[in-house]
Amino acid sequence: MKILILATLLFIAFNAQAQIDTTLLRRTTADTSKRKMNMDAIYNRPMLQSGKLPVSLGGYVEANYQHLGTDGISEGHQFQFRRLTLFVASTISSRIKFLSEIEFEPADKEISVEFAAVDVEFHPLFNLRGGMIVNPIGAFNQNHDGPKWEFTDRPISAEKMLPATWSNAGFGVYGKYYQNRWLLGYELYLTSGFDNTIIENEFNRTYLPAAKANAERFEESNNGEPLITAKVAVKNTRFGEIGFSYMGGIYNKYQEDGFKLDDKRRLDVFALDINTRISKTGTAFTGEYAWIFVNVPDTYSQQFGNKQHGGFLDIVQPLLKDNLLGWRNAVLNLACRLEYVDYNVGRFKETGENIGDEIWSIMPAISFRPNPQTVFRLNYRFQKQRDIFTNPAVNTAGFSFGISTYF
Amino acid sequence: MNKNHFAVIGLFLLLITIIISCQKLEPSAPAEDSILDGPVENLTSAQNIQHLAGDVGFNGQVFTAATGLGPVFVATSCGSCHAGDGKGHPFTTLTRFGKNDSLGRNEFDHGPQLQERALPGYAPEKLPVGTSFAKFTPPINSGLGFIELVSEDDILAMAAGNFNNPDGVRGHPNWSLLPTYIKIRPGSENQGNRYITRFGKKASTYNLLHQTILAYNQDMGIASSFDPSDVFTLLDTDPEISDKIVREVVFYLQTLKAPIQRDQHNSDVITGKDLFVQIGCESCHKQTLKTGISPVSALENKEFHPYTDLLVHDMGPGLDDGYTEGSAKTSEWRTAPLWGLGLAPKSQGGQFFLLHDGRARSIDEAIRMHGGEALVIKNRYNALQENEKQKVIKFLNSL
């Protein structure tokens, strides 16, 4: 009997070995360096599929070395494992799909589901999406995969002003329309949203990313009010894409158990994003700028501003595209990111003078892509940051080297 | 291997070179005499650790509703009012109001400090109609540990030294009532239940623990075991900050370096300093004081140059706001330490906001606003030729 069981187990094991034979794994390649519309970013990822299984797997990883200093104080050698992200996608039926993105960020001791939504296609112009949704504010929030970018850090305006990656539980619709060289896309979602921490936080400024710490928003809305996110984007396959997006709603907890706690206070965010490429030189431009308006009580501290704006522009110039070191069609790029954020737009009531709290950064970079899914990048950041009183800027500069790849 | 391979290999070599030379491509430290923050020299490792912990408490801890802020308040953190440990800005200037009786009780329940900001959902305090008030700009923190260690005998000696001052300079220590959590220094002078106090615009706080607890409670609405009162309800509540953090912040303040003078060998600065002394400014703005014994050897028995006598002086009707603390009269203000004066614009947004409430927008204007006991000396300053005035100002800017 034992021999029979052992033989059966061995037979299963040999077959199991055959099951994970990599020759059976089919790679669904996506050239992630050539973007489709930004709204397609979550589908425009390389995935692995096994045989006829309806499930695809994928992900990406990001790791960096960094040596930065601020006004003579060096952080020394820093080795960073930024994140490991896993994708699981499934085609449930011909017009029902599921896609998820699970992110591990060891430094934040965080495992978070950033995206997990079911898409139901009724018509190319009308698709229903429900689940955990990445709000389409600007372009970076949806298009944030590390291997797509030539820089080790996410843009300051996208991560520290807008709260990339910002996702919420909710529902909505999206669609696309094609006409010759033109693509028109739209998205409209109702989700849970922000809370009082955007103006009551330890960052001592109006800070939308503070709301990310509230995991309860995936189960219970802070105030019962929906956050509306809408985006319209137009793309011409020759000239590039431009997107206009809006996100807004009541952010604060203004009542509880029927008792009024505060007035209703709104948050409104407007964003403009572009990406284009000069076909003659191959120079690519990707940028995003956002304006934030927050109803902050007049009697609260001006430390917490009621307006913010900021954005970034990435310029990427391919220098070489050849067979390099055994990699076919490897690309060497020269790039530069320009960034600016004003966290507190306004004037002091006491003096009528400008409130500071601003940051500028210039980040030249060299990136090497042995293939479209993998990038090695060397960045030099030069950054200036002024405090609320516009006192002399704090200077930060240094190098970072990193690798990021889809797998 | 073709030229492209060489290009890629060359880039990797460049990368290695860059990493080796990283630190040289990072911003250099500002000159030590151009900044106010940083510890006093020669602290032990253990004291450095304590100083750093206090730095986190002072500059890194931002209070929120969840951690005890308010609900009515003036500022959200210590560092909000003292950028880079420097002077404050009109945005962080606080208002104190009302009259105190002989027992130190303010005529209003909600005093003496106006809680002019409030968490969402709450209303801030309003200044009672018709009451007298004064605005106080936050001071420089640097060198406070040295000032704390000046002996009371020296303070009393400076007061006694003015007895026959021909310019009419007098001055006296402020004698104040102390909260129960203050541990009186052995041999501390007293007038009944009042003691010599030395910190603040009116010299109304006894030591840096007193000053720190007052700031936590009155500026941020943070209750502690030292002062458990809630600024909103006026009732005692649970501590919102640990004794450990309070002690660390006090140690941080005690061990901040003294401001360092710049350009002291410049001929104009030297002439300006001579004129400063000749016209009598040093009657109050005493150049050199000394510390006594201290558990921190880096602070012990040191001479330092704060340009103050820690006494309160009658500054005349122009600076009489009708508000006071301790035994100081409403027109009496503590001689402002002048060290770090030239660095004030680095924490005041590139401008000067001088005197107790920031009303003077230049050093010259601040001098010209002196009155009372300083009137004779101010008139001597006014009588100086323009280039001499500029040298005095250049000297003051070097501090």
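Colleague: Which residues of H6(B) are buried?

Modeller: Buried means under 20% relative accessible area, exposed over 50%, and partly exposed in between, with a 1.4 Å probe and protein chains only. Helices are DSSP runs of H or I with at least four residues, strands are E runs of at least two, and both are numbered from the N terminus. In H6(B), the buried residues are Leu208(B), Leu209(B), His210(B), Thr212(B), Ile213(B), Tyr216(B), Asn217(B), Gln218(B), Asp219(B) and Met220(B). Because 10 of its 13 residues are buried, H6(B) is largely enclosed by the rest of the structure. This is a predicted model: local features need pLDDT of at least 70, side-chain atom pairs count only at pLDDT 80 or more, and totals for chains, interfaces and linings use all residues. Residues are numbered from 1 along each chain as its sequence is written, chains are lettered from A and ligands numbered from 1 in the order in which they are written, and side-chain values use heavy atoms, leaving out hydrogens and water.

Colleague: What do the buried residues of H6(B) pack against?

Modeller: Contact means heavy atoms within 4.5 Å. The partners are in chain B, among them helix H2 (45-60), strand S2 (94-97) and helix H7 (243-254).

Colleague: Which residue caps the N-terminal end of H6(B), and what follows the helix?

Modeller: A polar contact is a pair of N or O atoms within 3.5 Å; within protein, one must be able to donate a hydrogen and the other to accept it, and residues adjacent in sequence count only if both atoms are side-chain atoms. Asn207(B) is the cap, with a side-chain oxygen 3.3 Å from the backbone nitrogen of Leu209(B). Gly221(B) follows H6(B), and its phi is positive, near 70°.

Colleague: How many helices and strands are in chain A?

Modeller: Chain A has two helices and 21 strands. Of its 407 residues, 51% are buried.
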